Amino acid sequence: MFHDNSRILGQETIKVQHLGGTITRFGRYFRHYWYGLVLVLVFIVISATANVLGPELVGQAVDCYLFPQAQQGSQSQDIVGCWFSDINLTATTGQRLTGLGTLSLLLLGVYILDSVVIGLAFFVMRWTGQNVLRWIRADLFRHLHRLSIGFYAKHEAGDVMSRLTNDMQTVQQLFNFTLLNVARGVLIILFVVVSMLWRNVPYALLSLSVVPVMLLTTRYFSGQARKAFRRARQEIGNVNADLQESISGAREVQAFNREDESIAQFERANQANRAANVRAAVFTSALHPVLEALSFVAMGLVVLVGGWSALRGTPLLGSSVITLGLVFAFMNYIQRLNMPIMQIAVLWTNVQNGIAGGERIFNLIDEPVDITDKPDARKMPEIQGEVVFENVCMEYVPGEAVLKNISFQAQAGQIIALVGHTGAGKTTIASLMPRFYDVSEGAVKIDGLDVRDVQMDSLRSQIGIVLQDTFLFSTTIMENIRYGNPEATDEEVIAAAKVAAAHDFIERMPEGYQTVLGERGSGLSQGQRQLIAIARVTLMNPRILILDEATSSVDTRTERIIQAAFEKLLEGRTSFVIAHRLSTIKHADLVLMMREGEIIERGTHYELLEQKGAYYDLYMSQFLDEEVAEAEKIEAMPTAD
Amino acid sequence: MHAVGGIRPQAAGMPRRGREQLNKAALGRSIRYLGKHRRATVVAYAALVIATLTQLAVPKMVQRMIDSVTNGVTAKQILAIPNPAVQNLAIEKTGLSITVLQHNFDVAETLLINAVVILIAFAIMRGMFAFVQMYMAEWVSQALAYNLRNDIFTKIQRLSFSYYDRNQTGQLMIRATDDVEQVRGFIAQGLLMTLQAVLLLTGTLTILFLTNLKLTLVILPIMPIAFALFMFFGKISQPMFLAVQQRLSALNTVLQENVAGIKVVKAFARQPYEQARFDRSNDDLYTQWIRVARVFSFLFPVMMGIGMIGQVIVLYFAGGQIINGGMSPGEYQEFSLYLVYVFFPLGQLGFIISMMAAASASAGRIFEILDTQSDIVEKPHAIKLPSMQGRVEFQNVTFRYFHSGAPVLADVNFTVEPGQKVALLGSTGSGKSTIINLIPRFYDVSEGAVLIDGHDVREVTLDSLRSQIGIVLQETNLFSGTIRDNIAFGRPDATDEEVQEAAELAAAHKFIMEFPGGYNTSVGERGATLSGGQKQRVAIARALLLKPSILILDDSTSSVDFATERQIQDALETLMQGRTSFVIAQRISTVRNADKIIVLDKGRVAALGTHAELMEESTIYAEIYASQLIDDRKTDHAANAAL
């Protein structure tokens, strides 16, 4: 009703690839609620009928009661064109009034019926539409979980989110508002045009001649408005970017005395935005006045043509003489067409976008899943912790090998350190164990079982992972830690936090464990987030641990705490560490030195030093500094007095 | 963050808008902004008046048009009656003489054509003025938005840091965008709509009263009912839609977390848990929409119904008048049309009133910013600080945020001679950052004074003060533009040679030349992304170009490899040569080489001296030295041991 038409006019149109397919897909959802759709159809048919009945009745009022003398048959007292009652020209005022009263009541009934039926149609449509939407959303979400990590690595999070939100929004608009109004509008137009034609073909055609002009006008203006709005959107993007930069960089701006330049630059962007919007305003402001003027032209045409025929008594273009009542009826009909025409013209963009949006959503739901449980996959029994890589080769992109013929064996409880430059393949090895990716050749076996033969969830719930980039959820700290084991009690959570050296800082927070974190766990420092991640995995108590030691910039004290927590975490499980700290590597039972996807050296730290190979070089250039520094620091510490 | 895929992420800590109170003062002020565009506003309103007047005239034209037909047709029929007796009876019924009837018939066609032409002419004229009105209104509202945004931006740029401490970026962004839009929408649509509605309503009612009092009285009672209904509709629809938005937002959060954190979800095999979480949000959203649907599916028909009932009443009572010979069909149609003019404005008014509250709240927030006084103000006769030597003194400096609460700095005293290197040490919250913020006068002291070369910083112009102080902090902000623009940020009129020289000293020239565009490479949102180390070096070049006398920096580097770290440290050393430097120290080499070390503890100077002095005298220093600093000293031992 009170919609900002200009905004709808300015929507971009997205191309639809497979119209038929998408509509069929929608149909599959709606089929479930066919009774709802049937009801809606029935209702809008009734409404459309009422929209035709109304003008007819008004015409009858004019012909039968108000101006019967205009319908005077030349011979009798009959009233030509009055079918509502058998009243004739001899009727008294009183009789005419009563007749009018009856007709008025009937008309009231018709109008009320129309209103009620529209209300019902609206509700049923909403109910049906919302149910379908809820279903589609659920399907979409379920599929999101099924898609493998590989998919997410290839697709930008922003694009996926855009499908989920923006596209759902256009589909929602389609179901909520557009479908019903377009359907009703089309039906009304259909019924009205048919009625007009049924009454008098030439009169109808002449009266409707303005309609195509109205449609073309709308198409032209909305097309121009769209272009202008596209420009305006670009400009507002610039304005926002300027704002964002200046606010977050305010310190620099003031420190370098750049306020004046900054303001001047903003004014330019602001001005461009203003100009673009004003240009769009030309078209949005013109649409309504033009359409309104055209509707008056149509009205004038109706009266002119009909009146001409009535006055001259000439049949119009070979049909019949136009009665006064018919003129009134047609005037009423034409007025009825205004709203549906305007609505459909404006909403058509939304229809296209809604279908296109649906298409994009279905594309996502249809996205093939490459990592699934085998049909006969068994549950992974309690892991002892033996991990074997047999001739494993891995290619993310066919032809580009990331891992070449990797073989090693880790006994239960051992610490395996993965060392090498970025891109050597360490992270890939770590991703293969929980089956985030599948190997291209060879096999990954845990306790003798190929990971592809077991159920993924049963496997992963026994493998703990701590990565460099910690992801936390926007819920309480308690719940975040409990993520490791949903069955854990509060006490168990706190115990895990203590082991992970996170308990202290959590207690210091105003709401302690009940502190709610912000989006993506904001509100904590990097170091604190890592400690919570460690607590999370501690609670999980997995038999296999995968740990990436790289820490972002934390101060030395926090670094020490994290290191200690890591060391505790490594105890008693088979651990794979992407190692950055010399102390860790020294403690490892097996060090795998990697380069370009191959294990070039393996052994303990001391064994590898003796080999004087690649590991030895790395040690000399990177780790030795650390060792010496550590030693010196211990020297420099003031002795306790 | 800049919108991704068209979604704006929820700014953390944004207050949820509930039902808002009407803030008349703020609305009034925003309307007064229109004063800047007097001519355009007058044109818009003049066009509105003319368009409305023509609109009021249209039904009259329609009436003429119809009456010409009905009179003509009636006359024709009567004149054609063959039986004189019947004819006379019919003539009597009309109450007109036969001459009149004949006349009616003769002129009918001409009258009709004239009437139609005039109607169309009026319709076109109305269309043109309506266009002018709408266009000018939009033009004025865009001008208003333009002014507001400029004013907000200017204000924000010049506000002092304490303001930024209190307000999050997200909130400020929303003031300048959403709130301005809200006010603009109200001015564009709301204000004009109100005037139009009022004009239309009063005009129509006057005409109706004058032409047909009885019928008007019949219609009158319906109007307040319709009005009340529209207002009610507006009032309850807002909070309902707000609730929908909130639930949609909650749903999107779950979605976003599952997309961004899919690895964690899968790693912990928590799909069922997340599924349940999603299902709850999905159901919540569904429930709210159904609630909205229920309300609307009731209100819509009622509102439509009211209009329809009005029409039927008119039909009956007007019909009665027609039958009793008081009204012509044209007059009936005229009345019908005027009726629309009565109900439509009522709807508009109801809607506008519901918009007012939200718009006024937005206006209130906007003016809150515009009214804020910056607490760092240049004195009216501030003197220009001449070329600095670089002697910095803190005399009994105490600082409290917003001049209340516990002091962040208490009674800090020290003197730094030109060219000295000062290391600042202390745990988080000890006051280090405050000290370096006081020097360029980003904050003012609560007590005491900060002197540079003997001048109190409050006595000099901000320009002259800050242009001689260079700042390089770990959190570097670069701006969209070329690399050259960024280096020349403080001195846009620097020559290319100067820019390159600064870049070379900052160990940045090499990597800059590796870009295809060199110094003209675009950086920022729409350009190349620089690594942390590269950004830092550009920031160093930026500060170098100023040739400042005083330097403020912190010595930590973002996660870079050894070689780059070495380069950055060397660049910083170059930067500090010959300048008074204040360094927030994280490295052992910094404190060992400092001329002065200031150790802060809870806002007080806990130790002051050189490394050697403090190692002996201060336990707190020794403790910090041993535990908190990063060791970065060159280890020549390593090279020797390898041989």
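Val599(B) stands opposite Ala607(B) in β12(B), and Lys602(B), in a hairpin with 2 residues between the strands, takes a positive phi near 50 degrees.

I noted that this is a predicted model, in which local features need pLDDT of at least 70 and side-chain atom pairs count only at pLDDT 80 or more, while totals for chains, interfaces and linings use all residues. Residues are numbered from 1 along each chain as its sequence is written, chains are lettered from A and ligands numbered from 1 in the order in which they are written, and side-chain values use heavy atoms, with hydrogens and water left out.

I then looked up the contact (heavy atoms within 4.5 Å) between the chains, which takes 161 residues from chain B and 154 residues from chain A. I found 5 salt bridges between chain B and chain A, a salt bridge being a side-chain nitrogen of Lys or Arg within 4 Å of a carboxyl oxygen of Asp or Glu; Arg126(B) and Glu292(A) meet in a salt bridge at 2.9 Å, N to O.

Last, I checked Ser575(A), which is found in strand β8 (residues 574-578) of chain A and counts as buried because its relative accessibility is 0% (buried means under 20% relative accessible area, with a 1.4 Å probe and protein chains only).

Key. Helices (H or I, at least four residues) and strands (E, at least two) are DSSP runs, numbered from the N terminus. Buried means under 20% relative accessible area, exposed over 50%, partly exposed in between (1.4 Å probe, protein chains only). Two strands pair if DSSP finds at least two bridges between them.
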